[in-house]
Amino acid sequence: MTTAELLRRGVDLLKSLPDCEPFLEARILLRRAAGLTDLDVFAYPERPVSSSVSRRFLRAAEERSRRRPQAYILGEKEFWSIPMTVSPAVLIPRPETELLVEQALAFLTSAEPLIIEIGTGSGCIAVALAKELPGACIYATDISRRALAVARANAFRHGAPNVRFFAGDLFGALRGLVMEGRADLVVSNPPYVSAKEWAGLAPEVRDYEPRRALVPGPTGLEMIRRIARGAGRFLKPGGRILLEFGAGQEVAVLRLFGSGWKNPATVDDLSGRPRVLSASR
Ligand SMILES: C[S@@+](CC[C@H](N)C(=O)[O-])C[C@H]1O[C@@H](n2cnc3c(N)ncnc32)[C@H](O)[C@@H]1O
């Protein structure tokens, strides 16, 4: 089979998938399966492809046709222009979450800030901040030890020795570290999808991404409520919390930060949707 014929077979497998650009996705899978560049694909479409490459590519395209997310097939997703290793143990980093990194960098002025991240997953936020702020000391936590193994791998892969990882339920992960009153920033993209919303999500998300990374409880606000109650004692005076939340949660989230916090406000993402809560100690 030639490169062009194989690509066509891939496009055929993917063309009925909703929210999928079949040519683009097939090309990405082919590049990975065959170790080709776009130049190889476009300039030499008549070149024959070995049977092992064909098998590898068609297996990947079939997996994708069963709605498995491309990032899990490739084992990688870019975040903050950094290729993050991902596995089904972690949420696939979303481009919208880069707003948390942007806001954190805009707020932090000290060269050696102390940052706590709750629910680090793949470690994408912690690693992005660590790369931008080599003098920072970052404590990244997660309840999932399997997720923390992926996060550690990303910190190692991208040379971020200034991130330390701790397992546990929210701030319980920091027990014994005497962190109270010391952090400049608490940052989190917590699970915030309600059980009802989760049932209606695309199969790529509902059937493949870890439910615990998405759903904190029936209403979707359970984790944010706990963070609003628990984060304050870890911040130094003037320290800040930055938290991603879901569509339609703006009023409820502002209310949760209405007492015990200063200047609660939301920040819109590029599409104009309020996405990040910011509040000070
Ligand atoms: C929405 S994901 C965010 C992952 C990553 N920070 C990102 O932005 O892509 C939420 C993360 O919180 C973790 N998590 C869920 N419940 C938790 C809890 N009670 N304590 C700590 N982490 C928790 C999940 O395992 C998951 O990795």
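The shell around the ligand divides into 12 nonpolar, eight polar and three charged residues, where Ala, Val, Leu, Ile, Met, Phe, Trp, Tyr, Cys and Pro count as nonpolar, Asp, Glu, Lys and Arg as charged, and the others, Gly among them, as polar. The model is predicted, with local features needing pLDDT of at least 70 and side-chain atom pairs counting only at pLDDT 80 or more, while totals for chains, interfaces and linings use all residues. Residues are numbered from 1 along each chain as its sequence is written.

**Ligand shell**
- The ligand is surrounded by 23 residues, of which the closest are G119, G121, I143, N189 and A213 (near: C-beta atom, placed from the backbone, within 6 Å).
- At least two residues of this shell come from each of α7 (124-132), β4 (137-142) and α11 (211-214) (DSSP runs numbered from the N terminus: helices are H or I, at least four residues; strands are E, at least two).

**Sheet**
- Seven strands form an open sheet with mixed pairing in the order β5-β4-β3-β6-β7-β9-β8 (strands pair if DSSP finds at least two bridges between them).
- Because β5 (163-167) and β8 (262-268) stand at the edges with a single partner strand each, one side of each is left without a neighbour in the sheet.
- Strands β6 (residues 183-188) and β7 (residues 235-244) run parallel and are joined by five bridges, and V187 stands opposite L242 in β7.

**Helix pair**
- Helix α2 (residues 22-34) packs against helix α4 (residues 51-65) at an angle of about 140 degrees, with their axes 9 Å apart (axes are lines fitted to C-alpha atoms, for helices over the stretch in contact, and angles run from 0 to 180 degrees between N-to-C directions).
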